[in-house]
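Please read it alongside the coordinates.

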Amino acid sequence: MLGIKQEALAFELGEDWNQKKISLLEQKEEIEASLLAQIAEVLKLPVEAFQNFDEEQAINIISNTFHHTQGLVNYNPTFQNNPIDKLIQLHEEKIALYERMMKEKDEMMARLEKLIRR
């Protein structure tokens, strides 16, 4: 109903997931609470939306409420998970950490020199 492909959901859930695993998950009658919470977070929906879901009622609400749905539903979702951007972010964090460590080292050396001079 959200227009999200199984592959996209699997990608968002992490390395342990793939399209086939999502397909098997969809066939289950019950899903563990922790996994349901993780899926709800990825889809940005409350867990209750799954727990109280009634397909017939949802279809009736959609068909009776939305007559012109352009712009309301994203049928081709895009995920902003660019691995290059993530690498750049991690590199920048690494540089910042290195700079903090060097500053702390310099401060510690200054304190040691001060203690030695006493």
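The sections below go from the basis of the model to the fold, the helix packing, the salt bridges and the surface.

## Basis of the model

The structure is a predicted model, in which local features need pLDDT of at least 70 and side-chain atom pairs count only at pLDDT 80 or more, whereas totals for chains, interfaces and linings use all residues. Residues are numbered from 1 along each chain as its sequence is written, and side-chain values use heavy atoms, with hydrogens and water left out.

## Overall fold

The chain holds 6 helices and 0 strands, where helices (H or I, at least four residues) and strands (E, at least two) are DSSP runs numbered from the N terminus. Along the sequence the pattern is α-α-α-α-α-α.

Of the 118 residues in the chain, 12% are buried; buried stands for under 20% relative accessible area, exposed for over 50%, and partly exposed for what lies in between, with a 1.4 Å probe and protein chains only. Among the contacts with a separation of 6 or more, 49% come from residues 24 or more positions apart, a contact being heavy atoms within 4.5 Å.

## Packing of H1 and H2

Two packed helices are described by the angle between their axes and the distance between the axes. For helix H1 (residues 6-13) and helix H2 (residues 19-27), the axes come within 8 Å and cross at roughly 100°, which makes H1 roughly perpendicular to H2. The axes are lines fitted to C-alpha atoms, for helices over the stretch in contact, and the angles run from 0 to 180 degrees between N-to-C directions; under 35 degrees counts as roughly parallel, over 145 as roughly antiparallel, 65 to 115 as roughly perpendicular and the rest as oblique. On the H1 side the meeting residues are Gln6, Glu7, Leu9, Ala10 and Leu13, and on the H2 side they are Gln19, Ile22, Ser23 and Glu26.

In H1, the residues Gln6, Ala8, Leu9, Ala10 and Leu13 are buried, and the cover over the buried residues of H1 includes H2 and helix H3 (33-43). Alanine 8, which lies in helix H1, is buried with a relative accessible area of 15%, and its C-alpha is 8.3 Å from that of glutamine 19, although alanine 8 and glutamine 19 are 11 residues apart in sequence. Just after H1, glycine 14 takes a positive phi of about 120°. Leucine 25, found in helix H2, is buried with a relative accessible area of 8%; leaving aside its neighbours within four places in sequence, leucine 25 is in contact with Trp17, Ile31, Leu35 and Ile39.

## Salt bridges

Side chains of opposite charge can pair when their charged atoms come close. How many salt bridges does a search of the whole structure find? The search finds 3 salt bridges, each defined as a side-chain nitrogen of Lys or Arg within 4 Å of a carboxyl oxygen of Asp or Glu.

Glutamate 32 and lysine 28 meet through their side chains at 3.5 Å, N to O; glutamate 32 is partly exposed at 43% relative accessibility, and lysine 28 is partly exposed with a relative accessible area of 43%. Aspartate 106 forms a salt bridge with lysine 105, with the closest N and O atoms 3.3 Å apart; aspartate 106 is partly exposed at 44% and lysine 105 is partly exposed at 41%. The side chains of glutamate 113 and arginine 117 meet in a salt bridge at 3.7 Å, N to O, and, being 4 residues apart in helix H6, glutamate 113 and arginine 117 are separated by about one helical turn. Glutamate 113 counts as partly exposed at 40% relative accessibility, whereas arginine 117 is exposed, with a relative accessible area of 68%.

## Surface

The chain exposes about 10,600 Å², of which carbon and sulfur atoms supply 55%; the accessible areas come from the Shrake-Rupley method with a 1.4 Å probe, and for residues only the protein chains shown count as cover.

A nonpolar surface patch of about 530 Å² is made by Met108, Met109, Leu112, Leu115 and Ile116. Patches are made of residues with over 30% relative accessible area and no salt bridge, like charges being joined within 9 Å and nonpolar side chains (Val, Leu, Ile, Met, Phe, Trp, Tyr) within 5 Å. Leucine 112 lies in helix H6 (residues 83-117) and is partly exposed, with a relative accessible area of 42%.
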